[in-house]
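Q: Could we go through this model together? I would like to begin with the terms and then move to the fold.

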Amino acid sequence: NLPPKRRQSLYLSLEDQEAYDERAHEQSIKKAVQSKRPGAILEAKLAAAASRKMKAVLGFVEDHLRCGQKVTLFTNRKKDVERWVASLQKLSVVKSQEIPVWGVHGELGTSEDRATIASDYMSATTACCLVATIESFGASINLHDTDAVYVIQLPYTPGDLRQMEGRFA
C-alpha cells in the first residue's frame, strides 16, 4: 500500500554550492586524459560537479536523520565514500543520537562483509545512514527499507543508473 517510488531532481543554485577547487580537479582531469580509458574524462568531470554538493546534501541528510529516517548516499569513488562518512560522523545529530553511519566500497573487506553491513542497515529500526559506491554491492543486494536516497555522483551509464534504482524496489 505504499506509494510508488519517485525520482526527484534537486537543483542547487550557485550560491548553495561549495567553492570549486580548480587545482584538485585539474589534476584529476589531467590523469583522466593521460589514462586514455573510455569515460575517464566524463567521470572526472562528474566527480568535480559532485564535490560542490556536500554542504547542501549534508543539510538534507541531517533533516532526514533528525526525523528518524534511513538514508542512503551513492557515489562512484572510494575516496568520496570515505570523505562523506567522515563528514556525516561530525554532524551534531549523528553524535548526540549515536546514529550509525556505514561506508561501503569495493575495497572494503569481502562481499560477505558488505552483505553484513547491508543486513545491519536493513535491520536498523532507527535513523541510520549508508554511504556506498554504486558498484560495491554487486548486482543483488536489496536496500528497499530506505526513506531517502541521494545520488551524489551520477553514474555515467544508463545500466548503472537502473541497477542503483533497482535496489529500492
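A: One definition first: a crossover is right-handed if, with the strands pointing away from the viewer, the path from the first strand over the helix to the second runs clockwise. Helices (H or I, at least four residues) and strands (E, at least two) are DSSP runs, numbered from the N terminus.

Q: Which elements make a right-handed β-α-β unit here?
A: That unit is formed by β2, α6 and β3. The model is a predicted one, in which local features need pLDDT of at least 70 and side-chain atom pairs count only at pLDDT 80 or more, while totals for chains, interfaces and linings use all residues. Residues are numbered from 1 along each chain as its sequence is written, and side-chain values use heavy atoms, with hydrogens and water left out.

Q: What is the order of the strands in the open sheet?
A: The order is β2-β3-β1-β4, four strands with parallel pairing. Two strands count as paired if DSSP finds at least two bridges between them.

Q: Why is one side of β2 and of β4 left without a neighbour in the sheet?
A: β2 (101-104) and β4 (148-151) stand at the edges and each has a single partner strand, so one side of each has no neighbour there. On average, neighbouring strands of this sheet are turned by 15 degrees against each other, direction ignored. Axes are lines fitted to C-alpha atoms, for helices over the stretch in contact, and angles run from 0 to 180 degrees between N-to-C directions.

Q: How many bridges join β1 to β3?
A: Six bridges join these parallel strands, and Thr 75 has Thr 133 of β3 as its bridge partner. β1 (residues 70-75) is also joined to β4 by four bridges, where Val 71 stands opposite Ala 148.

Q: And what about β2 and β3?
A: Four bridges join that parallel pair. Gly 103 stands opposite Val 131, and Val 104 has Ala 132 as its partner.

Q: Where does helix α6 lie?
A: Helix α6 (residues 111-123) lies across β1, β2 and β3 (128-133), and runs at about 150 degrees to β2.

Q: Is β3 covered on one face or both?
A: Both faces are covered, with Cys 128, Leu 130 and Ala 132 buried on one side and Cys 129, Val 131 and Thr 133 buried on the other. Buried means under 20% relative accessible area, exposed over 50%, and partly exposed in between (1.4 Å probe, protein chains only).

Q: How many residues has the largest nonpolar core?
A: It has 23, and Cys 129 and Val 131 are among those with the most contacts inside it. Such a core is a set of buried Ala, Val, Leu, Ile, Met, Phe, Trp, Tyr and Cys residues joined through side-chain atoms within 4.5 Å. The largest share of this core, five residues, comes from α3.

Q: Changing topic, is Glu 62 buried or exposed?
A: Glu 62 is buried, with a relative accessible area of 18%, and its place is in helix α3. The side chain of Glu 62 makes a polar contact with the side chain of Arg 66 (2.9 Å). A polar contact is a pair of N or O atoms within 3.5 Å; within protein, one must be able to donate a hydrogen and the other to accept it, and residues adjacent in sequence count only if both atoms are side-chain atoms.

Key:
Contact means heavy atoms within 4.5 Å.
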